[in-house]
Amino acid sequence: MKISIPTIPPSFFSAIASVPHFTDIIDPPVHPSVDPQHVFTGNFAPVDELNPTECPVIEGKIPLSLNGVYIRNGPNPRHKPLRALHFWEADGMLHSLKFSNGCATYCSRYVNTYKYKLEEEAASPVIPNFLSGFYGLLDAFRLFAFLLKIMAGQINLMNGFGVANTSLAFIGNKLLALYEADLPYEIKLTEEGDIETLGRWNIDRMLFASFTAHPKFDMETKETFAFRYGRVFAPWLYFLRFDENGVKQKEVPILSIKKTCFIHDFAITRRYAIFQETQLVLSPFKVVMGGGQLVDYDPKHTPRIGIIPRYATSDSEMKWFHVPGLNVLHAVNAWENDDDDEEIVLVAPNFITIENMHDKRLKSSVEKISINMKTGKVVRSILSRKNLEFGTINTSYIGKKNRYAYFGVVDEVAKFSGIVKLDIETGKEVGRRFYGKSCFGGEPFFVAKEAEHVESDEDDGYVMSFVHDEKTGESKFLVMDAKSPELSVMAVIKLPRRVPYGFHGLFLTKEKYIHL
């Protein structure tokens, strides 16, 4: 028999917090990085869903060859948080722009996760924000109420409690919305340009199942490589491989990771997968004790790069290399040196102020790291000292040597003042575009003109991004010429309303999305 646990109204917590001097002792102030009043302001503030809406082209023309859908993920809290809420932990909302015959249709929808449905029914937050942390007795009380609901059968943890807000991937003919603390959610795009959530992709029926937000697809073998976190005890990481049909193969536990490091991304080459341990660690004990956020900085931990064969059967085949001061959150690409197949090259932004990880204005430099698998020698060179992140490349070059990458010029996390095109071979900037005063964009995304023709130039395509004018409050979408040194604008599309800053996106050709 199920026990009925009454829902505690938000007004209860507000009433307690209003008692003089009580707040400072029982409900202390939270860090600005998780204070909703500080985080979700300006163009980080949430918006409502919007039905498919045609958008006017106000400058230039949309190339007729651009037929498909660009869809971007990002955090968009559905309900006003009761307490702390990190930018990384808000409900996922998908923003799409469908291109067809020179026309564009915009749509935005929440990913209907299990958490989203529970909270829609309750009309308020239900799942505690574990990443954001707990900060006092009121937070502990909310956690206790949550545990009571689990014991009463009102919440089923087997359904996960992720927010599907980080990125998207196309695996086994499935479009997936991703969040690394949960399994992906399958998404459908309609012919009218609408977005539908089909349900959770239950590839693992286990408690606290997870899946990286950055899987890698090999265009030659049609395989997808990924990883997931462990649960309560070691191993802390598992290496995953999926065949062309999206069927998971035998996973490999990475037993040589001895610390719960925060690993957000990885890279692949023709023969290997490359993982990067940073100085960011997970501190669940600190969260439970009310000491703050889950992700913490450990100055005593030396970063390492781990390289494992793509078809390894155990991590006994993995090699680790110490790289002091290298803290990578997003890998741009990796490959094997044509002149020396024992050498692996990795390109990635390195966060040089990682100790200030809760600051929205982290500083980085783009590095090329060469690792000799035989001698263990690691050589690092700086390609750019500019604060660049969210690098994107022609996806047909994933795991292979490429020359060009497009980066956002960081103003603050997930907010970019412009785009820089970097020549990885020479380290020179060969293209740039800044959005102008008070204008900021999201992740730049590269779309090849002729995706199926590998003979075409690597940079023959388009770079695109949502751009917002913070002075006028208007948002637009830019399609730029990826070859041009000025990244010249080919089309400017006026959007029907403001589009908040977000995370990562994906472009699907019409041939792919009509078969979802």
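There are 27 aromatic pairs in this predicted model. The points below cover two of these pairs, a ring cluster, charges over rings and the nonpolar cores.

**Aromatic pairs**
- Phenylalanine 44 and phenylalanine 87 form an edge-to-face pair, because their ring centres are 5.3 Å apart and their planes stand at 85°, where over 60 counts as edge-to-face.
- This pair joins distant parts of the chain, 43 residues apart: phenylalanine 44 is in the loop between helix H3 (36-39) and strand S1 (50-55), and phenylalanine 87 is in the loop between strand S3 (68-75) and strand S4 (92-100).
- Phenylalanine 44 and phenylalanine 87 are buried.
- For phenylalanine 227 and phenylalanine 275 the centres are 5.6 Å apart and the planes at 75°, so this pair is edge-to-face.
- Phenylalanine 227 belongs to strand S11 and phenylalanine 275 to strand S15, 48 residues apart; both are buried.
- Phe227 and Phe275 also belong to a cluster linked by ring pairs, with Phe225, Tyr229, Phe239, Phe266 and Tyr311.

**Charges over rings**
- Arginine 228 lies over the face of tyrosine 238, 3.8 Å from the ring centre.
- Lysine 415 has its charged end over the ring of phenylalanine 440, at 4.3 Å from the centre.

**Nonpolar cores**
- The largest nonpolar core has 28 residues, and Leu237, Phe239, Ile254, Phe266, Phe275 and Ile308 touch the most other members.
- Strands S11 (224-229), S12 (237-242), S14 (266-268), S15 (272-277) and S16 (280-282) each supply at least two residues of this core, and S11 gives the largest share, 3 residues.
- A separate core of 27 residues includes Ile127, Leu143, Phe170 and Leu506.
- Beyond four places in sequence, the contacts of leucine 237 include Phe227, Arg228, Ile254 and Phe275.

Notes. Residues are numbered from 1 along each chain as its sequence is written. This is a predicted model: local features need pLDDT of at least 70, side-chain atom pairs count only at pLDDT 80 or more; totals for chains, interfaces and linings use all residues. Side-chain values use heavy atoms; hydrogens and water are left out. A nonpolar core is a set of buried Ala, Val, Leu, Ile, Met, Phe, Trp, Tyr and Cys residues joined through side-chain atoms within 4.5 Å. Buried means under 20% relative accessible area, exposed over 50%, partly exposed in between (1.4 Å probe, protein chains only). Helices (H or I, at least four residues) and strands (E, at least two) are DSSP runs, numbered from the N terminus. Contact means heavy atoms within 4.5 Å. Rings of Phe, Tyr and Trp (its six-membered ring) pair if their centres lie within 6.5 Å; planes under 30 degrees apart count as stacked, over 60 as edge-to-face and the rest as tilted. A charge sits over a ring if NZ of Lys or CZ of Arg is within 6 Å of the ring centre and within 35 degrees of the ring normal.
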